[in-house]
Amino acid sequence: MLKEEEKFEFIMNHESDIPKYQQLVDGITNAIAENILQKGDLLPSVNVICKTYQLSRDTVFKAYSILKDQKVIDSVPNKGYYVAGETRKVLLVLDTFKAYKEVLYHSVVNNLPDNVIIDVQFHHYNIDVFKTIINNGIGKYYKYVVMNFDHKEIAPALSAISKDKLLLIDWNIRADKTSNYVFQDFGKAFYESLTEAVDLFKKYKKIQFVYPDFTNHPWETVEFFKKFCSDFGFEYEVVTDPKKFSIEKGIAYISVSDRILGHFLEQCKEKDFEPGKDVGFLSYNETPMKKFIYKGISVVSTDFKEMGTKAAAFITHDEDTQCYVPTKLIIRESL
């Protein structure tokens, strides 16, 4: 049974670059996300929308058609348009799109009910892009799931979002004790994973950590690598210039970059080195393909599928969330 028409208002900016039909679509979905409109509520008629916001009938029909296609609204002859479901829009902000981020994304989506729509955007470690994404999203989403990075303007940019609607994921940076978060441990957990491979590392005369200067991976991992080598008596080296990366027999390599993994495999082929025998390699971050590459690439990685599952739980339940996802070592032929 349809409810009486609810009072629905939104701000139409006739000077905006955003098409007017899209502003209307966003206005309705935002109202649903904020419970201003609920399932069964009648929407203003096309004539009322046209008159109130100075829009053409074609513009309003286009917006309503889009929402019908998305199953957000429906219509009844002689009754009008109404909210068909309790649709929720969620903003997912990631750093870059990589294979392991795809695992995270699909885990979030696959653990959400059908009435939740994910809008995924990427900041690419650019603070201006990050602030634009956040500022444009204020008030438009039911929940916000954000992978942030180390920049002093991150916290101020996020301060406009209510903390009960914001979940920080992946890196514990610019968070405080009141934040909701699902993080991985880039330090101690990495160290503990390395200790599980002590006997394998003993096959090699030295361990080289390749931390290219183009990476945004937390430096904390390098510090715990140094501690591991010092505690267990391994000779080690940290290389930050990718141009100086040249593999040598008898050395085990660790890298946070899949580009370096690619260079490693190319050089193995050129020099006729066998990974796991002549040289070793431990890669950071599991991807679906690493178990198939060159007899299998050993990895140390957090469980991005679990991170996505926990993020989805935050979205669907109004509960505080503060947890770390375990980091694990997966041994394959490359080490």
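The protein chain in this predicted model folds into 11 helices and 14 strands, where helices (H or I, at least four residues) and strands (E, at least two) are DSSP runs numbered from the N terminus. Its radius of gyration, taken over C-alpha atoms, is 25 Å, well over the 20 Å that the globule rule gives for 335 residues, so the chain is more spread out than a compact globule. That rule is 2.2 Å times the number of residues to the power 0.38. Along its principal axes, the C-alpha trace spans about 80 × 40 × 35 Å.

Now for the pockets. A pocket here is an open set of points on a 1 Å grid over the protein atoms alone, where a 1.4 Å probe fits, with protein on both sides within 12 Å along at least five of seven lines; lining residues have an atom within 4 Å of a point. The largest pocket is lined by 26 residues, and Lys98, Tyr100, Tyr125, Thr215 and Asn216 lie nearest its centre. Two elements, α4 (99-110) and α10 (258-271), each give two or more residues to this lining, and α4 gives the most, with three.

Next comes the second largest pocket, with 15 lining residues; nearest its centre lie Phe10, Ile11, Gly27, Asn30 and Lys140.

A few words on conventions: residues are numbered from 1 along each chain as its sequence is written. Local features need pLDDT of at least 70, side-chain atom pairs count only at pLDDT 80 or more, totals for chains, interfaces and linings use all residues, and side-chain values use heavy atoms, with hydrogens and water left out.
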